[in-house]
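Here is a briefing on one protein chain. Please look over the sequence and the structure first, then read the notes by topic.

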Amino acid sequence: MFELLKPVSEEILNFSATLSEYALGQKIIKNGSNEFPNLDGVQIALLTVEDNRGNNELVPTDFTNFRKQFYSLFPGNWKVVIADLGTIKKGEIIQDTYFLVKSTTEMLLKNNIIPLVIGGTQDLTYPLYRSYDNLDQMVNLVAIDSVFDFQRADSTLASGYLNRIISEEPNNLLNFANLGYQSYYNAQEEVDLIEKLYFESYRLGEVSSDISIAEPVLRNADLVSVDLKAVEGQYSGITNPELPNGFSGKEICKLVHYAGISDKVSSFGVFNFENSNKSSVLVSQMVWYFIEGFA
């Protein structure tokens with residue numbers, strides 16, 4: 001399955017060679033163009049996904065700037081072995097992309113490697129969740145998101161993935177929790193449904209007022225899915241749609257740090273990445289904070 005991944009580009013490999021010997025880019029194991037690396041001892045694997053069709057966007061995302069930003073950062077006092085496995089290419093149809101995400105992350109999970117999936121739309125939470133199907137465990141899913149992603153009449157794949165997780169067999173979902181929903185984006189019926197299903201939900205204001213309430217929620221998660229649209233636009237770099245409210249850059253990094261600290265979290269995704277400098281800088285720092293928590 002790993003042979004289907006697009007390797008890290010020559011541009012990035014050459015760029016990493018110019019960095020300080022102390023920078024992350026010099027320490028990360030990379031899936032280059034020659035041969036796939038040995039994953040023995042690897043604890044965290046970075047994967048990017050270029051498929052945005054969940055939001056009906058057809059142009060694949062480019063992650064060159066993100067990798068340059070991430071590789072340029074300096075690690076903390078870490079004893080963590082990290083690999084960059086490259087990019088999951090856009091499949092002929094979106095179900096092909098789902099299959100590649102599920103198969104690749106399942107293989108990593110079976111080898112006790114945490115997949116960090118960056119890019120693509122939030123419907124990719126569904127194949128990430130499905131990657132646990134053969135692991136004989138129930139899944140606690142935490143979504144950091146401004147919206148409950150229930151199917152609506154006008155919804156895209158990305159905004160309706162939660163229905164599939166709840167309703168489709170095999171049902172491995174033990175609990176779902178949302179952090180940061182914004183009331184004006186969600187019908188009262190959806191808020192009531194979350195309560196009726198005994199799921200957890202925390203409004204943006206609640207979490208921002210006391211961010212520590214999110215720590216036990218994230219500590220209990222197996223899979224953490226972050227929609228970058230839950231972050232205020234001035235920090236996320238997302239301009240379409242305009243996002244006047246959301247978590248600050250500092251707050252989202254704190255939440256991600258909590259996720260990294262958890263000894264239960266075994267997969268992590270950041271979705272709706274936009275190819276802008278701000279998005280690249282913020283997401284690279286979010287990944288850094290996850291690894292810092294893990295370390």
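Setting aside residues up to four places away in sequence, Val265 touches Ile114, Leu218, Ala221, Asp222, Val224, Ala259 and Phe290. The model is predicted. Val265 sits in the loop between H11 and strand S9 (267-271).

**Val265 and its surroundings**

- Val265 has a relative accessible area of 6%, so it falls under the 20% cut-off and counts as buried.
- Among the residues that Val265 contacts are Leu218, Val224 and Phe290.
- Asn134 is 131 residues from Val265 along the chain, and the two C-alpha atoms are separated by 17 Å.

- Strands of a sheet pair through backbone hydrogen bonds, in either a parallel or an antiparallel sense.
- Five bridges link strand S2 (residues 44-49) to strand S3 (residues 82-88), in the parallel sense.
- Leu46 has Asp84 in S3 as its bridge partner.

**Overall fold and dimensions**

- The protein chain contains twelve helices and nine strands.
- Its radius of gyration is 18 Å, close to the 19 Å that the globule rule gives for 295 residues, so the chain is as compact as a globular protein of that length.
- The C-alpha trace of the chain spans about 55 × 40 × 35 Å along its principal axes.
- Buried residues account for 57% of the 295 in the chain.
- Take the contacts in the chain with a separation of 6 or more: 79% of them join residues 24 or more positions apart.

**Surface and charge**

- The chain carries 22 positive and 38 negative side chains.
- The centres of the two charge sets lie 3 Å apart.

**Cis peptide bonds**

- The bond from Glu169 to Pro170 is cis, with omega near -5°.
- Pro170 lies in the loop between helix H6 (161-167) and strand S6 (173-181).
- Asn240 and Pro241 are also joined by a cis peptide bond, and omega there is about 5°.
- The loop that holds Pro241 runs between helix H10 (233-236) and helix H11 (249-261).

- Asn112 is a residue other than glycine with a positive phi, near 55°.
- Its loop lies between helix H4 (94-110) and strand S4 (114-118).
- Asn112 has 68% relative accessibility, so it passes the mark of over 50% and counts as exposed.
- Asp136, likewise not a glycine, has a positive phi near 55°.
- Asp136 is in the loop between helix H5 (125-130) and strand S5 (139-144).
- At 75% relative accessibility, Asp136 counts as exposed.

Note on methods:
Residues numbered from 1 in each chain as written. Predicted model: local features only at pLDDT ≥ 70, side-chain atom pairs only at ≥ 80, totals over all residues. Heavy atoms only, no water. Pairing = 2+ DSSP bridges. Helix = DSSP H or I, 4+ residues; strand = E, 2+ residues; numbered from the N terminus. Rg over C-alpha atoms; globule rule 2.2 N^0.38 Å. Buried < 20%, exposed > 50% of the residue type's maximum accessible area, 1.4 Å probe, protein only. Contact = heavy atoms within 4.5 Å. Lys, Arg positive; Asp, Glu negative; His and termini not counted. Charge placed at Lys NZ, Arg CZ, Asp CG, Glu CD.
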